[in-house]
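The sequence and the structure are shown first.

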Amino acid sequence: SVPGVSLKIKPVRADVTSLVPIAAGTALVLVTYVTPMATLTATVAGLGAGVAAGPWLLNSMSVGLAAGLLAAGVVGDNVGRRRVYLAGLVAMAIGAVACGVAWEAVGFVAGRVLEGVGGTAVLACGLAILANDFTEPRRRTHATAVWGTSVGLGITVGAVLSAAVGAAHWRGPYLAVAAVALVLLWPSLTRIGESRAAGRRRLDGGGLGLFASAMILLVCALTLGRNGIHLTSVVLGAAGLLALIGFGVVETRVRDPLVEPKLLRHNRFRAATIGSFVLGAGVIATVSFVPTLAQTGLRAGIWPASLLVVVWSGTSVVTAFLSRLVRHPMTGPVPIAVALVVVAAGQALGFGVTTESSPWRLVPSLFVAGVATGLLNALLGREAVASVHADRAAMGSGANNTARYFGAAVGITSFVVVATHVGDDLAAGWNVAIAVSAAISLVGAGAVALAGRAPRHPRH
């Protein structure tokens, strides 16, 4: 925690049975996140949309996630984390229903954005509730390991569900998500205790508006950028950067900033934030393209394409769950940097694919990357709340997850552009893109190590 800051929390009810419903809610967000990946072609056809609509259908949930994660954390700390968490489940259910009954692309995109907004409350406040309920170090290690496990489990279930329902029934998973979100309301009401910051802070509305605008504009610019760089994407990107700069200026001038500028001087906060961004921009972007490579470049069916994702996510589930058994505490930037190096090694194993390759050629690459990803899911969840003072836990979780999903938006766009515009075929483009992505993971590991170095104190 940050020295000199009060760690007082105002618990309304202490109830550590919160772990199971929060793990289930977190998994549901990730199920929702990956649902369109394997059924995108069928979804575009079912909505009567053009090919250009594909990136928007795939990336629209990222708009809601990037824009709302930090806000959900701040509001949760102020008004009650359970209250915001429950509102998130309701929003996810409504958004999923909108997707499941949509008959045109605009309605579907609106539903996905709402799912993203709901997911922000579940992710940001769920992890903060666990930090409040599990304060003893070993019990917190166990809880955050289970939370990290639920991230991989959600991706695994989402990939299998998409393949199981098949292209002809692409609406089914969205209606299933809505039903599960509503079912989770009861255990969340009865097993999660309310908690909030001991001292209520004034909500920085100006900073919040600027940050949300910056994230929306930048994600929209990246989504348009998948079809090539043109004037609209450049204007949106420039406007997003200006809004982000404005947010930085506002945060240094208001009494209660959304993100306290001094946190950027905290080595664990910097390392965790960079680590989450690199995880999204590197391996998450790589795996997001695997179904496209398998189906389009290697002529595989929907099941092999989905099962390849399961190799990565399923391995991450096992690693995250087993990480709680490690006796030596894994804290700080060094384990994050080492795990990112292993991610890069796993990605490198995926280099050298040709159009004649079997899709199973990617299994060793996805397995190695999955081992490191599971460890990162557990580590980054714990560092997100350990690097801020306790009454700002939801803000810390929101900031860390914002970095992850914005990194994914950047990485996925970059990967798609390189893979589809370089080389004579998709396999050749994949080889260049995965080399770039592995380099991002490796450079990111170095950045985490540097950012995580404790500041030197001058000798007196």
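S288 is buried, its relative accessible area being 15%; buried denotes under 20% relative accessible area, exposed over 50%, and partly exposed the range in between, with a 1.4 Å probe and protein chains only. The residue S288 belongs to helix α10, where helices are DSSP runs of H or I with at least four residues, numbered from the N terminus.

A polar atom of the S288 side chain lies 2.7 Å from the backbone oxygen of I284. Neighbours within four places in sequence left aside, S288 is in contact with M37 and I412, contact meaning heavy atoms within 4.5 Å.

## Basis of the values

The model is predicted, and local features need pLDDT of at least 70, side-chain atom pairs count only at pLDDT 80 or more, and totals for chains, interfaces and linings use all residues. Residues are numbered from 1 along each chain as its sequence is written, and side-chain values use heavy atoms, with hydrogens and water left out.

## Packing of α10 and α14

Helix α10 covers residues 267–297 and helix α14 residues 393–421; the two pack at an angle of about 35°, with their axes 6 Å apart. The axes are lines fitted to C-alpha atoms over the stretch in contact, and angles run from 0 to 180 degrees between N-to-C directions. The crossing in which α10 passes α14 is right-handed, that is, the near helix is turned clockwise from the far one by less than a right angle.

The residues of this contact between α10 and α14 comprise 17 nonpolar, nine polar and one charged. In this division Ala, Val, Leu, Ile, Met, Phe, Trp, Tyr, Cys and Pro count as nonpolar, Asp, Glu, Lys and Arg as charged, and the others, Gly among them, as polar.

## Nonpolar cores

The largest nonpolar core has 92 residues, of which Y33 and W430 touch the most other members. Helix α10 gives the most to this core, with 12 residues. A nonpolar core is a set of buried Ala, Val, Leu, Ile, Met, Phe, Trp, Tyr and Cys residues joined through side-chain atoms within 4.5 Å.

Leaving aside neighbours within four places in sequence, W430 is in contact with T286, F289, V290, L293, G350, V353, L362, F415 and A419. Another core, of 21 residues, lies apart from the largest one and includes A71, L218, L258 and F406.

## Residues in and around α11

R299 is placed in the loop between α10 and α11. Although R299 is not a glycine, its phi is positive, at about 60°. R299 counts as exposed, at 57% relative accessibility.

V309 is found in helix α11, residues 302–322, and is buried at 7% relative accessibility. Beyond neighbours within four places in sequence, V309 is in contact with I155, A159, V287 and P291. V309 and G370 are 61 residues apart in sequence, and their C-alpha atoms are 9.6 Å apart in space.

S60, in helix α2 (residues 54–79), is buried at 1% relative accessibility. Not counting residues up to four places away in sequence, S60 touches V109, R112 and V113.

L114 lies in helix α4 (residues 105–133) and is partly exposed, at 30% relative accessibility. With residues up to four places away in sequence not counted, L114 touches A91, I94 and G95. L114 and L322 are 208 residues apart along the chain, and 34 Å separates their C-alpha atoms.

Methods. A polar contact is a pair of N or O atoms within 3.5 Å; within protein, one must be able to donate a hydrogen and the other to accept it, and residues adjacent in sequence count only if both atoms are side-chain atoms.
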